[in-house]
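The sequence and structure come first, and the description follows.

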Amino acid sequence: MDSELIHRNNTNTTQTTEPLPDHLPKHTVPHSLPKSTNPVHCLFRQQRLVCVLLGFSIAALFFSTFPISPPQPNHPIPDQIFVSGSPVALNRRVLYESQQKPVRIPTGLKRKSSRILVTGGAGFVGSHLVDRLIARGDNVIVVDNFFTGRKENLLHHFGNPRFELIRHDVVEPILLEVDQIYHLACPASPVHYKFNPVKTIISFLLYKTNVVGTLNMLGLAKRVGARFLLTSTSEVYGDPLQHPQAESYWGNVNPIGVRSCYDEGKRTAETLTMDYHRGAGIEVRIARIFNTYGPRMCIDDGRVVSNFVAQALRKEPMTVYGDGKQTRSFQYVSDLVEGLMRLMEGEHVGPFNLGNPGEFTMLQLAEVVQETIDPKAKIEFRPNTEDDPHMRKPDITRAKELLGWEPTVSLRKGLPLMVSDFRQRIFGDTATSASKSSA
């Protein structure tokens, strides 16, 4: 093998080149240019530098004529703004968004809807809150055990794919994926919480609404990262020694009275809510609700407005306890719902008083009911109940300043709407239509 390779190599080296035939064209092979190792010489050879400069010029002319991004504004973007005379630093996101032009959202695209849980959503206030949330485009889950709530309050939402109703007791844990929790579940009228006082604050046999129910909802908020709103009450002020009552007032509550099961239960719920906020970083909101009235109230729940309206419609004497000089403030349910939603969407924890600062004595309220229903309706006085507050009026300065909220419906405007609802529910459609035709 080796000898063969050597022979071939020797043959190739000794072989002479044969001349080309005369009919084939003879080409002259140009001498190759000497190679240069200098990059500058390579760039200047054959006018390559001119081509590079020409390409840069064309690209610069194109991008200056057709810019990719719009020019930035000439005016400088401030790094802070002034709110009420005080400088407020702007974060990077605000600075970025301030430089962007408003973008028109195509038709059909809406704000991202939230998934909201409303405990006690079949009740008086809860059902009105559900109406507003559904109308806003949110997905709503109602959890209620129907102790005081009624399915009839939510019948108009049955069949809506954005509405769910779960019969469940909040004292039992439940796991749901939600963005916000409105915790309204608790008997709020004296008839209900006096009927079963142990059931209202804590019971290991039935359910524990104010304490264990609130703990379960706070635990759910912690697990899924939801914002939690507690509906507390003006009853945390007890029989107040300060008038009107501001959120800074700690109250005057009898811890062993007949009303203490509700008063102390709500005070404990506020404590738990703030503990979860400070200790676990849960986003919480606290609303202290004053007397509220409107359609869908329980007819015989023992609250003064529903008592007076139902008694006047039935031609019964309106029951006034004591001398009738106790004062209350009455807000229409739509005002309350607006306040709750503003509180939930706002950035302030609270607590916030949500009530109408218009103050009425019980006798003045009875007169308004007489004007609305029957001027001949009688008033019957009875001994006052134990621990009945003498005065109740909210100071809503904080809600006005931080939430931009205040009630808009007066008692004389809202009461007829409630009367129409009570008349229909007490006498039915037949009696209502008959009374209208006779009139």
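## Overview

A contact means heavy atoms within 4.5 Å. Among contacts in the protein between residues at least 6 apart in sequence, 78% join residues at least 24 apart. The model is predicted: local features need pLDDT of at least 70, side-chain atom pairs count only at pLDDT 80 or more, and totals for chains, interfaces and linings use all residues. Residues are numbered from 1 along each chain as its sequence is written, and side-chain values use heavy atoms, with hydrogens and water left out.

The protein has 14 helices and 15 strands. Helices (H or I, at least four residues) and strands (E, at least two) are DSSP runs, numbered from the N terminus. Of the 439 residues, 42% are buried, where buried means under 20% relative accessible area with a 1.4 Å probe, protein chains only.

Seven strands form an open sheet in the order 5-4-3-6-7-8-13, with parallel pairing. Strands pair if DSSP finds at least two bridges between them. At the edges are strand 5 (163-167) and strand 13 (352-354), each of which pairs on one side only. From one strand to the next, the twist averages 20°.

Strand 7 (residues 227-233) and strand 8 (residues 284-289) are parallel partners, joined over six bridges. Phe 228 has Val 284 of strand 8 as its bridge partner, and Thr 231 stands opposite Ala 287 in strand 8. How many residues of strand 8 are buried? Six of its six residues are. One side carries Val 284, Ile 286 and Arg 288, and the other carries Arg 285, Ala 287 and Ile 289.

## A helix on the sheet

Helix 9 (residues 260-280) lies across strand 7 and strand 8 and runs at about 155° to strand 7. Such angles run from 0 to 180 degrees between N-to-C directions, and axes are lines fitted to C-alpha atoms, for helices over the stretch in contact.

## Helix 10 and helix 12

The axes of helix 10 (residues 304-313) and helix 12 (residues 362-372) come within 10 Å and cross at roughly 40°. Helix 10 is therefore oblique to helix 12; angles under 35 degrees count as roughly parallel, over 145 as roughly antiparallel, 65 to 115 as roughly perpendicular and the rest as oblique.

From helix 10, Val 304, Val 305, Phe 308, Val 309 and Ala 312 meet Met 362, Leu 365, Ala 366 and Val 369 of helix 12. By class, this contact has nine nonpolar, no polar and no charged residues. Ala, Val, Leu, Ile, Met, Phe, Trp, Tyr, Cys and Pro count as nonpolar, Asp, Glu, Lys and Arg as charged, and the others, Gly among them, as polar.

How values were computed. Buried means under 20% relative accessible area, exposed over 50%, partly exposed in between (1.4 Å probe, protein chains only).
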